[in-house]
Amino acid sequence: MEYQDTKSVWPYIIPAGIVFVALGGFLIYAFMQLSVLTEQTRSLAIESTELASTTTALLRNTDQLAKNLKDLRSETLGLSDTLSSAQQNISAVKTQVGGVEQTVGSISGAVGTLQKLSQIDQELLKKYSKFYFLNENYAPTYLIDIPADYIYSTTIPEQFLTEAWPFLKNLFDTAKVDGVELYVKSAYRSFAEQQSLKSLYSVVYGVGTANSFSADQGYSEHQLGTTLDFITSGLGGQVTGFDGTQAYQWLLANAYRFGFELSYPTGNDYYAFEPWHWRFVGVKLATYLHNKNLNFYDADQREIDAYLVNIFD
Ligand SMILES: [Zn+2]
């Protein structure tokens with residue numbers, strides 16, 4: 001029985017051992033798993049704490065960012081105001097620059113006029129009479145030889161102020177087209193030539209008579225280079241009787257258009273009537289005198305001087 005009992009226990013020992021070992025193994029495994037889980041839980045808790053503090057920090061940063069954004073907005077608004085006023089300033093400066101440019105423009109215009117005026121001979125519009133006469137040393141800057149076709153004499157050369165010549169040439173050419181014969185009898189004369197001519201006149205006509213039509217000062221207009229005596233055919237080469245010619249009537253009606261005026265018209269207070277003696281004063285002044293029916297020598301000198309700058313226009 002005992003043997004039977006003993007014999008009957010043995011078959012259970014090995015499975016029991018196996019179960020025991022398995023259980024032990026499982027317990028060890030379970031313990032290890034628990035330990036791992038505990039460790040994981042602990043690190044999750046740490047991570048969770050860290051996450052919480054990170055979140056807090058992020059929330060703080062978000063607040064700060066919102067504040068910064070607000071500040072930035074007000075700064076932008078301020079900058080926009082500044083920009084706007086800067087633009088206004090620029091606009092105002094531009095307006096001022098525009099004004100300055102206009103001023104500079106009108107100053108340079110005035111300087112241009114002065115420069116132009118400085119290049120024009122101041123004597124060209126001065127009155128030469130019994131009281132005002134041209135300096136004996138005066139000579140025009142540039143003289144041109146008048147082409148022979150325009151001169152009455154075939155032997156005596158004549159000269160005219162270079163800048164005034166195109167106006168005289170135009171007068172001659174227009175007269176010719178109108179069927180009027182006109183020639184230069186005498187144009188530029190130097191002071192010396194004038195003196196010898198005066199002496200000749202004094203000898204031929206007597207001093208008294210010579211003075212009435214050939215006073216030095218009066219004839220000194222020829223010394224300017226802008227004055228000439230006209231002549232036409234049918235007078236035997238003399239100027240006497242010129243006032244009765246078609247040529248004289250044509251000059252009275254048209255010479256102003258080319259800038260010429262009759263210095264000593266009939267009834268003037270300065271010298272004897274000289275219908276052949278014409279002086280270039282510029283188209284603008286000659287037109288003004290013609291329209292006003294005013295003699296050059298009766299016009300105010302200051303009024304005349306205002307036309308000097310445009311004398312060759
Ligand atoms: Zn003359």
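Predicted model: local features only at pLDDT ≥ 70, side-chain atom pairs only at ≥ 80, totals over all residues.
Student: How are the strands of a sheet held to one another, and in which senses can they run?
Tutor: Strands of a sheet pair through backbone hydrogen bonds, and the pairing is either parallel or antiparallel. Here, an open sheet of four strands is paired in the antiparallel sense, in the order 3-4-6-5.

Student: Which strands stand at the edges?
Tutor: Strand 3 (183-186) and strand 5 do; each has a single partner strand, so one side of each lacks a neighbour in the sheet. From one strand to the next, the twist averages 45 degrees.

Student: How many bridges join strand 5 to strand 6?
Tutor: Three, with strand 5 covering residues 260-262 and the two strands running antiparallel. Phenylalanine 260 has phenylalanine 280 of strand 6 as its bridge partner.

Student: What pairs with strand 6 in the antiparallel sense over three bridges, and spans residues 227-231?
Tutor: That is strand 4. The bridge partner of its leucine 228 is tryptophan 278, in strand 6.

Student: Which way do the residues of strand 6 point, and are they buried or exposed?
Tutor: Strand 6 takes in residues 277-280. His277 and Arg279 point one way, whereas Trp278 and Phe280 point the other way. All of these residues are buried.

Definitions and conventions: Residues numbered from 1 in each chain as written. Buried ≥ 20, exposed ≤ 12 C-beta atoms within 10 Å, placed from the backbone. Pairing = 2+ DSSP bridges. Axes fitted to C-alpha atoms, helices over the stretch in contact; angles between N-to-C directions.
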